[in-house]
Amino acid sequence: MNINFKKTLVIAPHLDDETIALGGTIKKISKAKMQVYVIIVGGHLPPVYDKKNYQITKKESEKALRILKVKKVFYLNLPALEFHKKYYQTMNKRISEIMKKLNPTTVFIPFPDRHIDHRTVFDCAMVNTRPNRKNHPKCVLSYETLSETHWNAPYVEPNFNPDFFVDIDGTIKDKLKAVKCYRSQIKNNISRSSEAIEALSKFRGSQNGCKYAEGFKLIRAII
């Protein structure tokens, strides 16, 4: 099966999710002279967090995504933990507008895991990738995000079981370099440390005959 990554869109709930989840894949696609765009829905903003936290992480994000050679980043600047309360329509509209402008061939979306923001963005992304829409993406994949994806209750709620893998042997160093840009997020964070991220990449690689890989759940592919 050949997936068309010519114009790829990654929809991330928060600053750092995209790099932690699929930084190696993003870099691999951009190195192949194909376009990667990223939508980052929100982050640590009021009323729950101090705006200064978001400003720090946004600068880290800009640096990380330059390393990964992302063509353009769309920051929606919505407050974390508030998406589901009063921002769903705003999020849905803005993602829809961006997708109509880009017409991406492939879209990566978050797995609906333990984090309520991830679940809300997943729902919104599924609406915006429906195959009854004009120029809908031909491939939709969901990604795992340390640590939230692995904290779901087994057999009680959906669990992440990947069936699509990308060999990132050639881009793992770029991914880890980009991850380290998020100093405010990985500092003293065992579950989202560089070591944990590399270990997951090694495990996914061991499942598929390569040294490092990133795993995804295929939602839809039309070839």
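Me: Is arginine 183 buried or exposed?

Reply: Buried means under 20% relative accessible area, exposed over 50%, and partly exposed in between (1.4 Å probe, protein chains only). Arginine 183 counts as exposed because its relative accessibility is 64%. Its place is in helix α7, residues 183-186; helices (H or I, at least four residues) and strands (E, at least two) are DSSP runs, numbered from the N terminus. Please keep in mind that this is a predicted model, in which local features need pLDDT of at least 70 and side-chain atom pairs count only at pLDDT 80 or more, while totals for chains, interfaces and linings use all residues. Residues are numbered from 1 along each chain as its sequence is written, and side-chain values use heavy atoms, with hydrogens and water left out.

Me: Which residues gather with Arg183 in a patch of positive charge on the surface?

Reply: A patch is made of residues with over 30% relative accessible area and no salt bridge, where like charges are joined within 9 Å and nonpolar side chains (Val, Leu, Ile, Met, Phe, Trp, Tyr) within 5 Å. Lys and Arg count as positive and Asp and Glu as negative, whereas His and the chain ends are not counted. The place of a charge is taken as NZ of Lys, CZ of Arg, CG of Asp or CD of Glu. Accessible areas come from the Shrake-Rupley method with a 1.4 Å probe, and for residues only the protein chains shown count as cover. Here the positive patch on the surface brings Arg183 together with Lys63, Arg66 and Lys177.

Me: How many salt bridges does the structure hold?

Reply: Side chains of opposite charge can pair when their charged atoms come close. A salt bridge is a side-chain nitrogen of Lys or Arg within 4 Å of a carboxyl oxygen of Asp or Glu. The structure holds 7 salt bridges. One of them joins the side chains of aspartate 17 and arginine 192, at 3.1 Å from N to O. Aspartate 17 lies in helix α1 and arginine 192 in the loop between α7 and α8 (194-206), so the pair ties together parts that are 175 residues apart in sequence. Both aspartate 17 and arginine 192 are buried. A network of salt bridges links Asp16, Asp17 and Arg192.

Me: Where do arginine 114 and glutamate 157 lie?

Reply: The side chains of these two residues, arginine 114 and glutamate 157, form a salt bridge at 2.6 Å, N to O. Arginine 114 is in the loop between β4 (106-110) and α5 (116-128), and glutamate 157 is in the loop between β5 and β6, so that distant parts of the chain, 43 residues apart, are linked. Arginine 114 counts as partly exposed, at 36% relative accessibility.

Me: Which residue pairs with glutamate 144 in a salt bridge?

Reply: The partner is arginine 204, at 2.8 Å from N to O. This pair also links distant parts of the chain, with glutamate 144 in the loop between β5 and β6 and arginine 204 in helix α8, 60 residues apart. Glutamate 144 is buried, with a relative accessible area of 4%, and arginine 204 is buried at 7%.

Me: How many disulfides does the structure hold?

Reply: A disulfide is a pair of cysteine sulfur atoms within 2.5 Å. The structure holds 0 disulfides. For cysteine 124, the nearest cysteine sulfur is that of cysteine 139, 19 Å away. The sulfur of cysteine 139 has its closest cysteine sulfur in cysteine 210, at 18 Å, which is too far for a bond. Cysteine 124 is buried, with a relative accessible area of 0%, and cysteine 139 counts as buried at 2%.

Me: Which residues does the cis peptide bond with omega near 15° join?

Reply: That cis bond runs from proline 46 to proline 47. Proline 47 has its place in the loop between β2 (35-43) and α2 (51-67). Leucine 146 and serine 147 are also joined by a cis peptide bond, with omega about 5°. Serine 147 is in the loop between β5 (139-143) and β6 (164-167).

Me: What is the phi of lysine 33?

Reply: Lysine 33 has a positive phi of about 65°, although it is not a glycine. Lysine 33 sits in the loop between α1 (17-31) and β2, and counts as exposed at 76% relative accessibility. Leucine 81, likewise not a glycine, has a positive phi of about 70°. The place of leucine 81 is in the loop between β3 (72-79) and α3 (83-86), and at 28% relative accessibility leucine 81 counts as partly exposed.
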